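Please read them with the coordinates open.

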Amino acid sequence: MRLESWLKKGAAVSCILIAWMGSIYGIFKVFLRLTEHAKRREKRFRLYYLLENEWLKLHNNGYKLEEYFIRHQFYKIAVYGMDNIGNRVQEELNQSEKVEIAYMIDEEAYHKYGTGIIVDFEDNWEDVDIILVTDEFYYPEIKAKIQEKGGWNVISLKDVILEILQYK
């Protein structure tokens, strides 16, 4: 009888240990996911900081984004991304007499605020000379998705800023 009792206790302890180890493993996986998310977020914000810093250098030296579009004869554009950077691009280009923003694109277009025409991927887009993507962190994925929708010319805000810095 003692052996039977000991086996029952051993099985119960084993079950408790397995459950405890499973809980620890689950908590560890959640911690790793949160850590990875925080690292990606930090990388994204660092990239945005560097981009905005270069843009501010242009602005402080009297240069505007429209110079790139005029130089390449892109007079009618669309802007992808309606977060802070996209809205700042819209504010600057709305002052241009030569470059027109035909519409703004965002995957959650109807949950964002902005002026002018706002579309998402479900809408039909009118022809434009180029689509400017303001979300540099996800640029490759966004560019691929835009080009799947149609044969659009696509460029990132970073590339526009870097080119203006090169020829100034």
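1. Lysine 149 lies over the face of tryptophan 125, at 5.0 Å from the ring centre, and the charged end of lysine 145 sits over the ring of phenylalanine 121, 4.6 Å from its centre. A charge counts as over a ring if NZ of Lys or CZ of Arg is within 6 Å of the ring centre and within 35 degrees of the ring normal.

2. This is a predicted model, in which local features need pLDDT of at least 70 and side-chain atom pairs count only at pLDDT 80 or more, while totals for chains, interfaces and linings use all residues. Residues are numbered from 1 along each chain as its sequence is written, and side-chain values use heavy atoms, with hydrogens and water left out.

3. The structure holds seven aromatic pairs, where rings of Phe, Tyr and Trp (its six-membered ring) pair if their centres lie within 6.5 Å, and planes under 30 degrees apart count as stacked, over 60 as edge-to-face and the rest as tilted. Tryptophan 125 and tryptophan 152 form a tilted pair, 5.6 Å centre to centre with 50° between the planes. Tryptophan 125 lies in the loop between strand S3 (118-119) and strand S4 (130-133), and tryptophan 152 in the loop between helix H4 (139-149) and strand S5 (154-156), so the pair ties together parts 27 residues apart in sequence. Helices (H or I, at least four residues) and strands (E, at least two) are DSSP runs, numbered from the N terminus.

4. Ring pairs link Tyr80, Tyr103, Phe121, Trp125 and Trp152 into a cluster. Tryptophan 125 counts as buried at 10% relative accessibility, as does tryptophan 152 at 13%, buried meaning under 20% relative accessible area (1.4 Å probe, protein chains only).

Conventions. Buried means under 20% relative accessible area, exposed over 50%, partly exposed in between (1.4 Å probe, protein chains only).
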